[in-house]
Amino acid sequence: MKEVAELDSVDWHILEELQNDATLPNRALAEIVGLAPSTCLQRVRRLRELGVITGCHAVVDPATTGLPLEAVVSVNVRPHNRPVTTAFRAFVMAQPETRSIFHVSGQADFLIHIAVADSTHLQAFLVDKLASRTEVRNLTSSVVLERVETRALTPPVNLRPTHRRRRS
């Protein structure tokens, strides 16, 4: 398990703002969170060095790119061992339709979020790409009726720090 980073209330404020708009210039971010620009930049660098911030990306609407049909596919693989799951995950992530994949516990082994052009494309992905693999034992798909954007990660109220970290 990864080591938990010590975050104070200012760190969480920075994280929330950057999750909502990663293109914020440092000066604007510093003003929003109430820090000097140099201090804000040091905090953001620290969050990157600690592995709290792992990257920044653009959010793309699949429908505007010609991929309006999204689905979540539940997949079971056998045998469920590390070599099989690692190879399956790599295969799925190499597919252009894949938006994300989760290796989960419960009824399914994997949940795969995909975006495709239409039902014919969905069928081809399910039948030709997934079901044809020898390790896939069964799969089910659910068409996404509405996608609600992921919200910024914030600590629950009972875990929210109320203090600022002291300088070391």
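Which residues in H2 meet which residues in H3? In this predicted model, local features need pLDDT of at least 70 and side-chain atom pairs count only at pLDDT 80 or more, while totals for chains, interfaces and linings use all residues. Residues are numbered from 1 along each chain as its sequence is written, and side-chain values use heavy atoms, with hydrogens and water left out.

On the H2 side there are Asn26, Arg27, Leu29, Ala30 and Val33, and they meet Pro37, Cys40, Leu41 and Val44 in H3; contact here means heavy atoms within 4.5 Å. Sorted by class, that's 7 nonpolar, 1 polar and 1 charged residues. The axes of H2 (residues 26-33) and H3 (residues 37-49) come within 9 Å and cross at roughly 100°. The two helices are therefore roughly perpendicular to each other, a label used for angles of 65 to 115 degrees.

Now to aspartate 8, which sits in the segment before helix H1 (9-20). Its relative accessibility is 0%, so aspartate 8 counts as buried (under 20% relative accessible area, with a 1.4 Å probe and protein chains only). The side chain of aspartate 8 makes a polar contact of 2.9 Å with that of arginine 43 (a pair of N or O atoms within 3.5 Å, one able to donate a hydrogen and the other to accept it). A polar atom of the aspartate 8 side chain also lies 2.8 Å from the backbone nitrogen of aspartate 11.

Finally, helix H5 (residues 119-131) has Leu122, Phe125, Leu126 and Leu130 as its buried residues. Their cover includes helix H4 (82-93) and strand S1 (69-77).

Note on methods: Helix = DSSP H or I, 4+ residues; strand = E, 2+ residues; numbered from the N terminus. Buried < 20%, exposed > 50% of the residue type's maximum accessible area, 1.4 Å probe, protein only. Axes fitted to C-alpha atoms, helices over the stretch in contact; angles between N-to-C directions. Parallel < 35°, antiparallel > 145°, perpendicular 65-115°, else oblique. Nonpolar A, V, L, I, M, F, W, Y, C, P; charged D, E, K, R; others polar.
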